[in-house]
Amino acid sequence: MLRAIALVLLAVVTACSGGADGALPAAPEVLAKAAEAMKKVSALGFTIETEGRPPVQVRRADGNLTREGDAKGTVQIDVLGSLQELEFVLVGDTVHFKGPTGGYQRMSRADLARLYDPSAILDPARGVPALLSNAADARTEAEERVGSADAYRVAVTLSQQSLAALVPGVRQDVKGQVWIEKSGGRLLKASLPMGEGDASGTVIVTLTDYDVPVTVTPPAG
């Protein structure tokens with residue numbers, strides 16, 4: 001009898017443990033679904049923030065972006081130790097930008113891309129879809145809330161080549177974490193530790209306002 005009870009208890013414990021682990025889907029499946037979901041996004045809001053002193057030129061950026069690559073927002077760039085904040089409106093091949101004073105000036109999309117190109121986020125070939133498809137060492141760690149959405153937290157290794165289009169200045173592969181929306185499979189957040197010693201920190205990317213219509217028009221004048 002005691003042996004039978006012990007076997008029953010062991011079976012219950014094993015079932016409970018297996019259920020907890022089994023509730024988390026395999027990371028490759030989560031990332032594959034996310035990569036496909038991101039290819040269908042028509043517009044989004046984005047925020048890039050930094051904690052500490054990661055070795056990247058962009059310290060903060062936020063704005064809205066369309067699938068066609070038009071975007072508007074602000075970007076804070078570290079230029080030789082001095083922070084420069086710019087407003088930008090990216091329409092077609094032209095970027096309208098201005099600093100804290102003065103009016104708008106113009107540059108080409110190619111010129112902007114040397115500093116930061118927000119349109120890369122939704123580019124299937126070099127943006128988030130490619131980043132997720134090429135992630136290595138993926139492991140689903142937990143189920144968490146990001147804002148008002150349920151998400152899977154997945155540990156990943158992301159290559160320098162894949163990250164460089166999204167976060168200019170990245171010079172290393174990054175072992176980080178991504179949060180993937182449970183219901184729609186879209187990327188909600190990424191935490192990217194990088195650098196060494198005093199020149200180290202974390203880049204945090206947050207994506208919101210999925211498929212909310214965005215109108216981007218050149219500024220007057």
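Colleague: How much space lies in the largest pocket?

Modeller: About 170 Å³. Keep in mind that this is a predicted model.

Colleague: Which residues line the largest pocket?

Modeller: Read the lining as stretches of chain. V146, G147, S148 and A149 are part of the lining, and so are T206, L207, T208, D209 and Y210. E181, R186 and L188 complete the list.

Colleague: Which strand gives the most to that lining?

Modeller: Strand β11, residues 199-208, with 3 residues.

Colleague: Now the core. What is the general idea?

Modeller: In soluble globular proteins, nonpolar side chains tend to be buried together. Here the largest nonpolar core has 57 residues. M38, L44, F46, I121, L192 and L207 touch the most other members. L207 also lines the largest pocket.

Colleague: What does I121 touch, leaving out residues up to four places away in sequence?

Modeller: L44, F46, L65, Y116, G127, V128, P129 and L166. L44 and F46 are themselves among the core members with the most such partners.

Colleague: What packs against V58?

Modeller: Beyond its sequence neighbours up to four places away, V58 touches T50, V75, Q76, L115, Y116 and P168. V75 is 17 residues from V58 along the chain, yet their C-alpha atoms are separated by 7.2 Å. Y116 is also a contact of I121.

Colleague: How many aromatic pairs are there in the whole structure?

Modeller: The search finds 0. Check charges over rings too. K189 lies over the face of W179, at 4.8 Å from the ring centre.

Definitions and conventions. Residues numbered from 1 in each chain as written. Predicted model: local features only at pLDDT ≥ 70, side-chain atom pairs only at ≥ 80, totals over all residues. Heavy atoms only, no water. Core = buried A, V, L, I, M, F, W, Y, C linked by side-chain atoms within 4.5 Å. Buried < 20%, exposed > 50% of the residue type's maximum accessible area, 1.4 Å probe, protein only. Contact = heavy atoms within 4.5 Å. Phe/Tyr/Trp six-rings, centres within 6.5 Å; stacked < 30°, edge-to-face > 60°. Lys NZ or Arg CZ within 6 Å of the ring centre and 35° of its normal. 1 Å grid on protein atoms, 1.4 Å probe; cavity = no way out; pocket = protein on both sides within 12 Å on 5 of 7 lines; lining within 4 Å. Points joined across faces, edges and corners; volume = space filled by probe spheres on them. Helix = DSSP H or I, 4+ residues; strand = E, 2+ residues; numbered from the N terminus.
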